[in-house]
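Hello,

Please find the structure below. My notes on some of its helices and strands follow.

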Amino acid sequence: MRVLITGHRGYVGAHAVDVFKEAGHHVTGVDIALYRGTEFAQGRPPDVDVTIDIFDLGRGLFNGVDAVVHLAALSNDPLGDIDPRLTRTVNTDGTRYVADCAKRAGVGRFLLASSCSIYGAADCAAQDEDAPVAPITAYALSKVEAESALRRLASRNFAVVCLRCATAYGESPNLRTDLVVNNLLAHATSTGEVKLLSDGLARRPLIHCRDMARSFLGFAETASLTGFQAVNVGSNGENYRVRQVAEIVRREVPNSTITIDRGAVSDRRDYRVSFDRLGKCLPTFQCQHRVQPTVRRMHREFRANPTFRRDFEAGRFTRLVELQRRIAERTLPEYFLGGARDDGASGRGASR
Ligand SMILES: NC(=O)c1ccc[n+]([C@@H]2O[C@H](COP(=O)([O-])OP(=O)(O)OC[C@H]3O[C@@H](n4cnc5c(N)ncnc54)[C@H](O)[C@@H]3O)[C@@H](O)[C@H]2O)c1
């Protein structure tokens with residue numbers, strides 16, 4: 001199979017390239033390289049590596065492609081808070097543009113990295129795919145709107161799957177420490193403090209970034225796909241409260257203590273998710289990782305890296321910090337440059 005992966009230089013993208021290549025597929029990677037130079041380790045290159053904005057993609061690159069895995073996005077809530085317009089442009093308009101090019105070029109299937117965050121502040125029940133969406137951030141809204149655009153484009157010959165992924169954690173060559181598990185661990189490794197930025201009561205489904213990548217492979221390889229579907233991606237056993245994650249980190253990092261930031265308020269993003277449909281769509285797919293053993297491995301990995309603390313504190317693995325730096329340097333396309341303001345977010349930060 002020939003697959004085109006957008007956002008292949010990202011946290012999940014590095015695994016996507018690897019799992020598709022491992023399965024014997026031909027991979028073209030397309031990425032504007034927003035976070036070039038912040039890599040944690042060397043990833044596996046795709047067969048064809050194209051450094052380009054998704055809006056500059058022509059139909060040529062889609063010729064002969066069987067499936068598009070669309071990961072390219074501005075991926076997190078603080079980025080969206082700074083400049084909702086930019087998040088919408090890349091995540092919604094960008095998705096529509098890439099899907100439109102793919103469909104015109106005769107690509108058969110389009111897999112979008114959507115997000116469980118579209119469920120927003122949900123009631124106690126586990127949210128399945130038929131639950132109403134309630135986006136409470138610009139990021140979540142951009143994914144809801146991207147899904148709507150794709151629903152209109154989907155057809156018998158252009159199958160669309162929106163994979164509503166849980167929050168990712170785990171090792172990646174393109175590490176992020178602005179995601180909840182990785183952030184709590186990175187902070188604890190650097191300072192001995194497992195620092196909660198909220199009261200920790202919010203519920204959050206989690207998935208290892210490699211399992212997330214494997215789920216895209218699962219849908220790309222599924223024999224019969226047609227029309228539009230949305231599927232939650234994660235596992236029922238990995239719905240946590242943030243406090244439970246903090247406790248796991250505290251146990252793995254010797255002499256660490258849990259602290260709650262003085263300005264902490266409750267996190268409005270609070271949802272538990274049902275992953276039953278995923279089991280029906282991909283009966284042989286199982287998540288292979290869990291939070292606790294991953295935290296143990298990553299803790300070793302962070303400690304073994306002599307520059308980790310400095311890099312983490314400088315914001316090297318925090319998307320918001322890097323993006324703001326590139327915007328200040330004016331080394332991004334024009335549409336990135338209007339409106340984003342520096343709100344002084346720190347490298348330790350900010351997102352999750
Ligand atoms: N990480 C998570 O917890 C999570 C959870 C659910 C869904 N998702 C979704 O999965 C996808 C991948 O997430 P990630 O954590 O790997 O994010 P990431 O920020 O690590 O990677 C995104 C990649 O997209 C590229 N990109 C951004 N804008 C682009 C543009 N205009 N043209 C070309 N390339 C562009 C960036 O350079 C980057 O390499 C995103 O769509 C995200 O919304 C992520």
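Just after helix H11, Arg330 takes a positive phi of about 60°. Please keep in mind that this is a predicted model.

H11 itself spans residues 319–329 and is mostly covered, with eight of its 11 residues buried. Those buried residues are Arg319, Leu320, Val321, Glu322, Leu323, Gln324, Arg326 and Ile327. They pack against four helices: H1 (11–22), H2 (77–82), H10 (308–314) and H12 (334–337).

Next, a pair of helices. The axes of H7 (residues 242–252) and H9 (residues 291–304) come within 10 Å and cross at roughly 45°. The two helices are therefore oblique to each other, and H7 passes H9 in a right-handed crossing. On the H7 side, the contact involves Ile248, Val249 and Glu252; on the H9 side, Val291, Gln292, Val295, Arg296 and His299. By class, this contact has four nonpolar, two polar and two charged residues.

H9 also lies across strands E7, E9 and E11, running at about 65° to E9. These three strands form an open sheet in the order E7-E9-E11, with mixed pairing. E7 (167–169) and E11 (239–241) stand at the edges with a single partner strand each, so one side of each has no neighbour in the sheet. Neighbouring strands of the sheet are turned by 50° against each other on average, direction ignored.

Within the sheet, E7 and E9 (residues 203–208) pair in the parallel sense over three bridges. Tyr169 stands opposite His208 in E9.

Regards

Note on methods:
Residues numbered from 1 in each chain as written. Predicted model: local features only at pLDDT ≥ 70, side-chain atom pairs only at ≥ 80, totals over all residues. Heavy atoms only, no water. Axes fitted to C-alpha atoms, helices over the stretch in contact; angles between N-to-C directions. Parallel < 35°, antiparallel > 145°, perpendicular 65-115°, else oblique. Left-handed = near helix turned anticlockwise from the far one by under 90°. Contact = heavy atoms within 4.5 Å. Nonpolar A, V, L, I, M, F, W, Y, C, P; charged D, E, K, R; others polar. Buried < 20%, exposed > 50% of the residue type's maximum accessible area, 1.4 Å probe, protein only. Pairing = 2+ DSSP bridges.
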